[in-house]
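Work through the following exercises with the sequence and the model side by side, and try each task before reading its solution.

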Amino acid sequence: MAIDWTVFQWFNGLAGRWPALDTAVRLVMNDYALPTALVLSLLAVWFAGGSPAVREQHQRAVFSAISSMVLGNFLVKAMNLVLYRPRPFAFRTVTLLFYRPSDSSFPSNAASVGFSIATAVWLFNHRIGLLLYALATLFGLSRVVGGVHYPSDILGGALIGSMASYLIVRKFRLLDRLWTAIIMQVRRFLLA
Amino acid sequence: MLYFVYQELALGYLLFSFLSALGVLQWVATRYSLVGLALWDYRDRRGWGYAIGALLVLGSAAWFFASQWARILTPGPAGSELSLLFAVGAVGALIFTLAAATLLHNVRRRATLWEKGDGGSVVAIGSATTGRLYLPSSPGEPVPAVCIVPGLGTGERRALDTLARHLVQQGLAALVIEPDDDLYTYPETLATVPAATSFLSKRPEVDPQRLGVLGYDLGADLVMRAASADKQVKTAAALAPILVSPPADLDVMAEMPYPQAFRWTRDRRREMLRTQLDALAFGGRIDPRPFLLLYGAEDKLVSRAPVEEWVRTRASVTHQIVQGARHLDLLDHPTTLHTVARWFKERL
């Protein structure tokens, strides 16, 4: 855990030095900016594609991303029942750019949300997926800089989110039929 | 129970979600040329579409974060509440976009509908069909003539007028069958083209040995079917015939706004008539007479792949694609007018 603390200190050391950077970090790390950007991307992905076949793949990605997000969230909550890790600011002096969340630091739910969306989309479209990975990584790192997570919390959340997406897309094949059925129904209304 | 913590923050986030989703939809409408989602005609002004999309997303974000900055950095609504607010905002934006795009499209369209086609003289062709006959001003000797058959529910009266006038300028006579819903009742519709060619061949201004037919949309299917049997027809042109089962998905909104697209895909007559006319099977019999098949490059109302396969095996068919044209604006596209006029002038 020493390396976790060292890396945390390096990132958190960036906070409190430059007001502009602090504002930028606050803008990125809050619960509204990047989660909204990620979900707006899903809205764009739904309509993206020059042919019905490509669009159907993208629409599967949207359904997979939403269900991965739910599964990831469920896994994080389940882990929180058996594991509680105090936040970095609980017993140490850190530069805090955000309010003091009271739930477990590990695993990061924010990272789980970001990476579940990014991985689900990446499994269908690498280009858009990479863009969403960049947003998810930025979201996770900003939480470390802002002092509310250790780096390992972000890694744990990212792993859980990505794993949830992998399970949804690659292992729960039954869901594929459900997505197809829903897409066909939505297509009847010309919205897919 | 839902708990939004700050009512003002929740309402602000709802508005932010609505406006940013509106921006994303404008971006998508621009990128994929979706008329049904576009608040403006972005086809020739793509930059505007992207700019409006970006402005809505970034502007609403700037407003939301500036107005709620203090609350954003304190414990607020949970993820489930935020998801609900976002979903309501996004669905609201979609409904608003579909409605506003329809309204604005109709306003723009109304401006062009005033320029309705009123050229030519009204003539009776057979017992139930009427048409407009366009003749060159002083032909001198009998001229070649083209019978033009409209589409089903495509509302192209003005475009038909434009096309007919263009043919007249090239020294040809044109007979435009009046776009009428009754035109497409099977099997009565099969009598339309023979009646029109018979009418034309009896006119003293027309050379009965030089008759051509042109059809648009389902009218093109009808023309292919008619030309296959009518040996008096020297050449035919089919503009965006339906031929095979047409697509019925989001792509239809690349041609028209949502309510019109919805009605279009649910018009059973179109599919029934397409099947009954079976133009693809009869089209082969036009051979060896020259036959022009014209499609818009951005036509989203026909499935072109099977048609292209059909064309490949037929030497007498000239297949051309009009760049930048969709299904509904193919008829009076400048390239179409030029191509069609040249086709008939050279072959009649």
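**Exercise 1.** Find the strands that helix α11 of chain B lies across, and state how the helix runs relative to β6(B).

*Solution.* Begin with the helix itself, which in this predicted model spans residues 334-347 of chain B and lies across β3, β5 (206-216), β6, β7 and β8 of that chain. Then compare directions: α11(B) runs at about 170° to β6(B).

**Exercise 2.** Give the order of the strands in the open sheet of chain B, and explain why β1 and β8 each have one side without a neighbour in the sheet.

*Solution.* First, trace the eight strands, whose order is β1-β2-β4-β3-β5-β6-β7-β8 with mixed pairing. Next, look at the edges, where β1 (121-125) and β8 (317-322) of chain B each have a single partner strand, so that one side of each remains without a neighbour in the sheet.

**Exercise 3.** Determine how many bridges join β6 to β7 in chain B, and find the bridge partner of Ala237(B).

*Solution.* Strands β6 (residues 233-239) and β7 (residues 291-296) of chain B run parallel and are joined by four bridges. Within β7(B), the residue that partners Ala237(B) is Leu292(B).

Methods:
Residues numbered from 1 in each chain as written. Chains lettered and ligands numbered in written order. Predicted model: local features only at pLDDT ≥ 70, side-chain atom pairs only at ≥ 80, totals over all residues. Pairing = 2+ DSSP bridges. Helix = DSSP H or I, 4+ residues; strand = E, 2+ residues; numbered from the N terminus. Contact = placed C-beta atoms within 7 Å. Axes fitted to C-alpha atoms, helices over the stretch in contact; angles between N-to-C directions.
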